[in-house]
Structures are given as structure tokens and as C-alpha cells.
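Biologist: I would like to learn how to read a model like this one. Please take me through it feature by feature.

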Amino acid sequence: MHIRWTAVGLLALLAGSASAATLDELVAKNLEARGGAAKLEAIKTLKTSGKLLIGDQFELGFAQYQKAPESIRAEASLQGLTSVQAWDGREGWQISPFQGRKDPEKMSADDVKSLADEAPIGGALFDWKARGSKLEYLGTEDVDGTEAHKLKVTLKNGDVEYVYLDPDHYLEIRIVAQHNVRGTQVVRVSDYGDYEQVAGVYFPFSIATESKGDGGKQQVTIEHAEANVPMEDALFAFPAPAATKGAAK
Amino acid sequence: MSTHSMKKGMVGGGLLAAAAFGVAVAAPAAPEARFDAGVVSGLGARNIGSAAMSGRVSALAAVPGKDGKTTLFVGAASGGVWKSDDGGTTFKPVFDKQPVQSIGAIALDPSNPQNVWVGTGEPWTRNSVSIGNGIYKSGDGGETWSYLGLPESERVAKILIDPRDGNTVYACVPGKLWSDSAERGLYKTRDGGKSWNLVLKGKNLSTGCASIGFDPKNPDVLFAGLWDFRRKGWSFRSGGESPDAPSGSGLFRTADGGASWTEVTDAANKGFPSKPYGRIAVAVAPSDANVVYALVESTDSALYRSDDGGKTWDKRDKSQMMVWRPFYFANLIVDPKNPDRLFKPDLGLIQSLDGGKSFANVGGGTHGDHHDIWIDPTDTQHVISGDDGGLWQSFDGGNKWWKQNNLPISQFYHVSVDQADPFRVYGGLQDNSSWVGDSAYPGGVTNSRWENMYGGDGFWMFEDPADPAYLYAEYQGGSIARINRHTHEIRFVQPMAEYKEKLRWNWNTPIALSPNEKGAIYIGSQFLFRSNDHGQSWQRISPDLTTNDPQKQKQEESGGVTVDNSAAEMHTTIYSISESPKQAGLIWVGTDDGNVQLTRDGGKSWSNLTRNLKGVPEHSWVSWVQAGAFEPGTAFVAFDRHTFGDMAPYIYATRDYGQSWTALVGPKDAKGMRGYVHVIRQDPVKPDVLYAGTEFGLWISIDGGREWAQFKGGEMPAVAVRDLAFQNRDASLALATHGRGIWIVDDLTPLRALDAKALASEAAFLQAKPVQQRINAFGGWSEGDASFSGPNPPAGADIVYYQKSRHLFGKLKLEVLDSKGEVVDTIPASVRRGINRVNWSMRAKPPRVPPAAQVAFNSTQGPRVPPGTYTVRMTKGKDVYETKLDVGLDRRIAYGTADRQAQYDTALRVRDLFGRMSDLVHKINAVRAQADERAGKLGGNDALRKPLLALKDKVDTIRKKIVATKEGGAITGEERLREHMDTLYGAITIYEGKPTDYQLARVDTLQRELGDVEQEFAKFQSGDLAQANASLRAAKLEEIAVPAAAPEEASAARGGREEERRNPFERD
């Protein structure tokens, strides 16, 4: 129930390789299209909210908090109960209140991967080198009738994300994320649209995600977004006992 | 949706659009309208399988994982490559984006199993075999692929990778089945596939490589079996033209990695059989390179074994299953640890434990017709086999077998549909009988929703329209039967030969229903037969419509070294029949030897129209004739010339009863279409919409055949589409694929609405079929993760629109308005190029439910809106588009609109009660919070503090009558007014007819109980609270205020069923 966006750093790859030139070019164009490195780096926190539609049927209220360098908290609300998943850069936790439990519980390292990977405001590729990722250009591939540029991002933890850039505007239109969860590959395909600017940077306001295998579908529609809202670190940290107010409002 | 969608310029959304485009992102010039795969594929398609019968597996490769899980690659004969990284519990297709789907060989690099090599084009050269286009390699375990050439190889039998160097690879290429070619033999690359050298070639243009084996410890020693073979439409030979005719087949050995070769002969190698040969299979025992096995097809076919690395040979087993159909079964798999244990896949799977002296049938419960085996080197009792019925695993050394129920690689030849609701599909498959399946079922179309009705290889199959309790099905050679769908009683009704006559029935004998007379049925040998009494009697209504060329009628001599006359080569037969729906007795017939024939008088007289067809060579196989759906003089004809080695598409149309023909598609102008054509159909509603199924997929034209676009909806791969069936009531299309089962396109209406004007527009609504509110239904059961289940059509209403380009900037907003113009829902839009389908759940807002210990699950969804006409409004940038959406009831329901309205009104009544309840709880909570807050500000000894806390407790006792408050996540069984209301709401909304009397009475009861607590609170408000406020006032403290109502939730839940197959009332 969290969203993902991606920006691409300007750092060059292997000098001299033909695909590196293409990759550098794409990365630069993507960054420019999003609004430029300076504006992107100036965003230290980001709050988004809107709706989360699950399986074309269930609609929940949605809110997400992100804080640099890599904290994230995603909330989904139903009938006054709010589920929480959060990552503070070290560990992940959740509150799943819909069946009566409102105390926070730790998430396993594997289960929190997909959330943690989405924590950076700039996206998985921004500062990719510092994060230990690898980048590769795989040519173009059809995305629902759009011949998109395909980039392979191998994250430090071994997970892989295939990022597809629109050929005209160089913005992300699809990311296929493969997470290794307890030895099993979990694949999620996210389609991005409705780009709008927040503090001068384009973010997708529509994110449709499908889980391969089980066919689970969800769609996030962002209605409000605000950059640099003050956020306490406690928002992301595992709550101390008796400090679990986030669950019930 | 209405036929007219309108665009309102400059309304709304202007700010967004300005924000989107007012920045430095340079928008390119407006794209030209294109008609291509991106436009049509958004129609979508669902694959309903089935994996019950599955389909032919031609190649296997696997590697045991360090984590104990086997990574397995399965090559389907014509359905791509499937990967499992959990030993077969789950599979995913990994080759779907490649242009061919027939798999001949898979090999994993021993030094890095992430390097996967795939040779395309099956080597088991049966009559229905598909084609490949060379070799592919993945460096990341099958996620992405590079094409490595050998484009003219057509098929690849085996790939071997040097364990010392993953860039040194051998590819054993049999080459073209249907024509001469120099591009065949044993190829070798030393640079990872960048370049290939032909290191061993045959002595003629029909001899290629069919088998290789090497010593993994010394891979420079390698044996290769060359094979001389050729198939024609009317014959096949493995080896020479007859058992003792010269043949290019032979066994060769190299000791220097292919630089030089020595032929293994009876003269030089004691014990080896005499020439001529047919197909040879060779294998070197991995654990002892001196042990070499060779199955040699000859006039005395047998297994041979060498114990000295191929110098001398000893004749071993020659049982029936060793030598049965060597062209189809020529593979030997030796245990990686035990040189005396080997498998020979065949009609039955046979295994030897004594070095090939004796074999036993160990196929057990498998389907049969095995082609490849993998033996787990870490546990040689674990054996995996691929056969004509899919994939099987044995854990006891190959005696008892588990079936994989998760490979929907079924090879349908044909498909038909019926009038059931949901409609059923019917069709026959390669070696897998004739089946009927549901196109939809609550919980999904699982394997259990398919039923086998006959036997043999299946082809055409229909429900008898005159008596739906009966079906027509056939097996090879026109063996038509009429089958009782309930009892499975079979009655053979095939027409039989007259005095000293031979009827020639094609392998895939055409059966056709009359569109004009219910129950009338046609079947063709060289003659056309018609029955209108369920096959009790047949009228022969034509002379021999074929060329009756005796040179093409020598099937008893077919097979080459080993005779093989299975009806697969039967020729000079009728292959396609189509009666005009516009004129009874006007029948088009196509034959496999090139004739297009027409009768306009029910068969009294026939015209051979073949000469009028210009540009197609004589005697080309007529794969399809299709009478026009609108005019009696119109017809479409497809030719399939792949049996002559010509893989190009040919489609012709006539409007004058076949006097003149126009080539819609041909080799000189294929219009982007790839592959030989199996089927051409005209849309039953819009004449200019045409559908063509080829060996590489489905192509669609919306302008009468001038332009074509490949359909890739539902991520359908480039699999052969061999038949198409329209379900006109549902505007649906069923696709018979030969390799990936049945696919359903649920609504063709938007395609019919797509015209040049729509294509040129930036965006436009497209009409969809009338919306039904389908019954909320529950069915199916958990089958585990190792079972295929096909998806159902979306449960809601389809909203369909076209976009010239992908939507990227600013909101693309979809709203639904009721007849009063009020917005009832806002739906996330789809942003792709071309046709977009968005599903609207048709639900009104859900109740406002007061917070409690748990979610009230039934109330997470709103009631479905009443039937009627709704308006859909799309806002895209500054432009606003509108269309009408007619919502009706499920045609299967027994109740009428009045009952439906009663149900909706009752649901709204309960929803209102929930709203009142929410307001009440909100007021209570406000009082609780304020009392708490005021008390907190007071000192511990303040006289007011205690009464305030008591006040809080008192009001909370009212709350506890309304909502369950026990937290902790257990099954508390705590039910208060809210929980009772949720149960009632669920009962009322699950069934959309009239609520029961008890349900209606229960609404009254709960309304009364709610009224009681409301009164109690009112009393509290005027009593205790007023007193407390007086005290607060006196103490100059802020009074406790009671809000008027609860605010709307920021985002109210709108919900539906989480798990369709689960009973919604059982949550334990």
C-alpha cells in the first residue's frame, strides 16, 4: 500500500561503453524531466494522501510520510481504524488493526524490503551509487503500446527493479520490482501516471500495482501532496509501549 | 454505453493541465494516429487454460538448488518456456515476449545456471509441429533474453554447453522439416553465440542433426546423430523414401571438439547395425564415458551399447517401446551416477536397470508419449518427465508420478461456444481428447471446471444445437461421435465407405454446423456429407471435391524406414466447410490440396473456383473458408503453405461468389502479419472488422483488411491461434491457441466502435456491451499454489475509452453520475495508449460506520447502485468527455426491478441507521474526550475532577451498548448494535432481490434499539451533561460541547468481496 517513485542520478556509469552513453543520457533526461537535481534534493520530507483502491472494490483512505534519507510510513484507513507500515532506515514494523489488534509488531527483514526500497524520496535510482545499486540499460520494450526505455536496477540487497521510461518525456511509466522474500521471488508491476509537480518536482499521482502470481491489484490515487512538512523521527520508529495512538483515531 | 460520446471543450481541469504543461518538459509534436498492437491490445483477454489436460512438453532442463528447491525450465512444444524456482509448485512463462513459442531444447550452463540457452522449434516432428527461428540466451535465469541467430534453423534438437567454458556451446539443428535447407547440422560457437560454425553437416539438404551426446569430463569427445527426414502434406520419411532407400542418416564421433569426425559404421565398428538408418538417438553415460548408448532406426531398429567409447557395439533391447515411432521418440537419458540405468521416453516411458538389456514400462499414471526426462543428480530417484499431457514428477525412481496441474500449455485445434450463461467452450486438442469448460465460474476457472468428453486427438467439437444434452466430437480421421453430456454415452456416427471405396478423412477432419437449420451438421472426407438427424443418416452432397491426386494417396508407404500411417498424412481431403448464414444451401469448401469449391444449391452443383485465385501457387493447402456474415456472395479464404516450406500468410476475399478475389494479405505485402494463417473470420456485427489467426498469434483489422494489428491483450504471447468462435449474445470471442489453451476476449464492442475518427482523436469513449449486474456468487475451493486457475471477467461495469497516446501529466479523472447529475463514484483511470478498460464496481458509498474494536467487514462496501442510465465523465487536461452507461440486471435472475429497488432501498435504510449511529458515537466520543481533557487540567484534589471522570464513564456505558469494544484481536463474540447492524447489512446486500420478511423486521428492530440509545444519550445530554456543564460554567471552565454530526470520513471505504470463493459470513 505504499507508493514508489524514482529519480535517476547524474553519475556516469562505465566510461566508454556504448550503452553507458545511452544510460547517462537517459538518466540525465529523466532527472531534467522530473525537475532537476537541485529541486529534488531540496525535498527533505514528503507527505502524500488520497485513496487506495484494492481489487477494484475496497477503498481506503491513504497517507504516506517520507523523510530523507530513507524513512517511510504508509497508512491506510477504514472505519476509523488505521493500519500502519513503517521503516525508519533500520527496521520495519506495522499495526494491523482491522481485526482488533492495535499494538505494533515488528516486520521481518524480507517482508519490509518492498517498503524500505521505496523510502527514498528521490526514488530507487537517486544516489544509486552511494546506495550500492547497479544500473544497466536494456534497450527498449513495449509497455502497452509505448516503446519504453528499459533500465535494470540491481539493489544492494540483490533485488531487481526494471524501470521503464516514457520515450518522449523520460519519466517512469512502469516499474517491475522483484523482491526475494524467504527465497521466493515476489514480483510487483506498478504503472505510473497523472504526474504533477510538488515543490517543482514531478511525482506520479496515480500508481496502479499488480502482484504477479496472485493477481492482487491496488491503485493509489494521490489527492494532496506537500513537501517539507515537519516530521518527527518518532513517526517512523517502532513505537515505545503505550505510545500506539496511531492505530485508533 | 451509448454510441455517442461527446467532448466538451474547455470545461474543468484547466488548472491541472496548465500545471502539467507549463513547465520545462518539452512535449513532442502530437503523435500520428496509428493502428497497431498498442491500440487493440487494451481490449484484454483472459486465459482460462486449462492445465487439466495441459499439453505437449518437448524439452526440460533443471538444476538442484542449494536451498533444496529445484529450478526447473520446461519447454512447451508450442507454448514457450516455463520456469519454476520452487521445484514445480509454481511456474511462470519466461519466454512470452519472444516472437516464437515452439521450444526444441533448453540447456543450463553447468558453470553458471543463470545462463540459460533455448533452441526454438520442436524436434519431435509430428504433422502439427510448430516452427522456431533460432537460438536465444538469457544471462539472468530467464528474465531477459538475447537472440543469438540461426534464423533459418527452424528447429533445434539439443544444446550442449562445455562445462569448462560456458561460451563454448554446441547446437544440434535438424533444420527444416518441410523443405530443403543448408542451414542444418551441428553448429558450434566459442564466443557465447556471437558466431556459429557448422562443424558437421549432412550429405544432402534434408539431413540435419537430431541427437548429440558428450563426455562431460572431456567434452571434446562428442557423438552426433545426423538425420535425413522430410515431411510433406501427404507423407513423411525418417531416413530415405523407403526402408532400404539411401539415407543421409549416420552416427559420427569427434575427439577434437568437432574439428574432425569419424563415422561410426558397421564395417569399422563391430556390432553396429547396417545402413540405411532413420533417426538415431545417442547418449554418453555421464558417470562412465566408455558407456555409449545409441538407438538406431533401421530395418532392424534396436538399442546398441558400447563399453569402449564407441569402438565396438553390442545390440541390446529392441522391444516395441524401444523402436516405436522413432521420429517422435528418439531420446535416451542415462542416470548421472549409474551407467546401467537409462530411460527411453516413448508412447510408454521405459527404463532399464541392466544397461539396456531389458526395459520395463514405468510410465505409471502418466499421460504417455514422453519426450524428455530429467534425473536429479543429487537424488536419482527424483525423475521429471515431459509428455504429450504435460509434466510429471516421480520421487520413487520413476514408478509413480505426480501430475503438474499448473501448466496451461494445452494445444487446442478448434473451439466453439454455446448459449449457456456463462457460456461454455468446447474444443479438441493434440493427443488430449475433446473437452468442455466454463468460460467463467465463481472463484475462477480452475482445472476442475473442465470435463473430458471423448478420446484420442481432439479437433472440432460442438454442442448439438437441436438437443443441448448432446455434443459432437471427433478424433483423428473423422471419427465423429455424438456424446451424451450427462452420461458420457458415445455413439459413433461417422459416414462409412461404399462398395470398394476408400473415404479420405483428414487428420483434422472438418465438421460444421449449419447456421440456417438447427441441428444440421456437415462433415467432409473427399465428399461433403450432411445430416439433419443427428448422424443417423447422412446425405452425400458432393462429388469428390479434391484433386484426387493418386501421388498424394500413398500413406501406406509413408514413414521412411519405419512405416507410420496414423492418418496424420491423409491427403486430398476436404479441410474446411462454411455455409452462408445469409443463404441456406450456399456452401464454401476448401481442400488440403488447393481447391476452393462452392455450391449455391445445397450440393446439387459445385463450382471449382480455384483458378480465379491469382497469386497463390497451385495445390496450396486451403486452411480456412469463411462465408461472409452479411452478403451471400462474400467469402474469405486462407491458404497455409507451411507444408511446402512457405511460412507466409495468404488471405483472400471475394464479393462475387468467387469469380474474382482480392489478396488481403500475401507474401509480397504481409502488412505486418507473421506466420501461416489458420483461420480468417469476419466480425458478425461489423463487416470491416476481420480476425486472422496465424502460427504466431491473432491479427485484427478494422478496415476490411487494409491494415492489421497484432493482438497482445492479456499478455498473450506469439502462440498459434488456430480457431476463433464468437459468442454473439455476449459480444465475446474465444480463441483456440495451440500451445496456451483457450483465451477469451470478453467484449468486442469497443473494437467495433473504433474507427478512423476515433483513432484520430486524442481521446474518445468507445461503446461497450450493455452492463449487467452479475449475481454475487461464491464457489470453488482452495487448490493450493500448484494449480492453475483462469480469471473471470471483471465483476463490475466496463468503461472503455481510447487514447491516442499514453496519459502522463495531470489528472485523468473518471466520474460516474446518476440521473440527477450527482457524482456517485470517482474511479481511478487507466492511462495506456489505445483502448483502455476500466472497471467500475457500481457500488454506492458504503455506510459510515462508527469506530470500534474491529472493522465491520460487510459494511466496507456500499450497496450496488440500482439499474438505470448513468453518465460517465472523463476529464483529461482541459477536455471533458461524457458518455452514457446503461446498467441492467443479470439476465439470469428471477426477480424484477421492483424487488431490486426494494433491496436497494432497504440497504440505504440500514446505511442511514449506520450514519445515525456514527453521529451518536461521535457525540459520545466527543463528550468522553472533553471530559477527560477537562479532568486532566484539574488538580488531583479538585472537586470537579471526579464527577467529570464519572461523567465520562457514564457516557461510555452508552457507547458500549452500541459498539464492540473488546480489543486484542481474538474472536470476542462481542456483538452490539453496530455488529448486529453489520450482519443485517451483509444479509441484505449479498442478495439483490427482495429482502426476507425477517430481514425487514430486523431493520425495524434495530432502528428501535438505536432509537433507545439515542434517547438515552439525549437524556444524558439534558441531565448529567447539563449538570456537568453547569459546574464547569460555575468554575469558569469551558463547557463540554456536543457536535451536531460526525464529519464525513476523509475517504469513505467503498468495498467488495475480498475473496470471491469464500463464504462472506464465515470469517474464522
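Modeller: The buried residues of helix 8 of chain B are B:Leu977, B:Arg978, B:Glu979, B:Met981, B:Asp982, B:Leu984, B:Tyr985, B:Ile988 and B:Thr989. A residue is buried if 20 or more other C-beta atoms lie within 10 Å of its own, exposed if 12 or fewer, and partly exposed in between, with C-beta atoms placed from the backbone. Helices (H or I, at least four residues) and strands (E, at least two) are DSSP runs, numbered from the N terminus. This is a predicted model: local features need pLDDT of at least 70, side-chain atom pairs count only at pLDDT 80 or more, and totals for chains, interfaces and linings use all residues. Residues are numbered from 1 along each chain as its sequence is written, while chains are lettered from A and ligands numbered from 1 in the order in which they are written.

Biologist: What covers the buried residues of helix 8 of chain B?

Modeller: Contact means C-beta atoms, placed from the backbone, within 7 Å. The cover includes helix 6 (897–937), helix 7 (945–962) and helix 9 (997–1034) of chain B.

Biologist: What span should helix 8 of chain B have?

Modeller: The expected span is 1.5 Å times one less than the number of residues. Helix 8 of chain B (residues 977–990) has 14 residues and should span 20 Å; its end C-alpha atoms are 20 Å apart, which agrees.

Biologist: How do the axes of helix 7 and helix 9 of chain B cross?

Modeller: Axes are lines fitted to C-alpha atoms, for helices over the stretch in contact, and angles run from 0 to 180 degrees between N-to-C directions. Here the axes come within 11 Å and cross at roughly 170°. That makes helix 7 of chain B roughly antiparallel to helix 9 of chain B. Angles under 35 degrees count as roughly parallel, over 145 as roughly antiparallel, 65 to 115 as roughly perpendicular and the rest as oblique. Among the contact residues are B:Leu951 and B:Ile958 of helix 7, and B:Phe1017 and B:Phe1020 of helix 9.

Biologist: Where is B:Arg530 placed, and is B:Arg530 buried or exposed?

Modeller: B:Arg530 sits in strand 43 (residues 528–531) of chain B. B:Arg530 is buried, with 24 other C-beta atoms within 10 Å. Leaving out residues up to four places away in sequence, B:Arg530 touches B:Ala520, B:Tyr522, B:Trp538, B:Gln539 and B:Ile541.

Biologist: How many residues of chain A are in contact with chain B?

Modeller: 46 residues of chain A meet 52 residues of chain B. Strand 11 of chain A gives the largest share of chain A's side, 8 residues.

Methods: Two residues are in contact if their C-beta atoms, placed from the backbone, lie within 7 Å.
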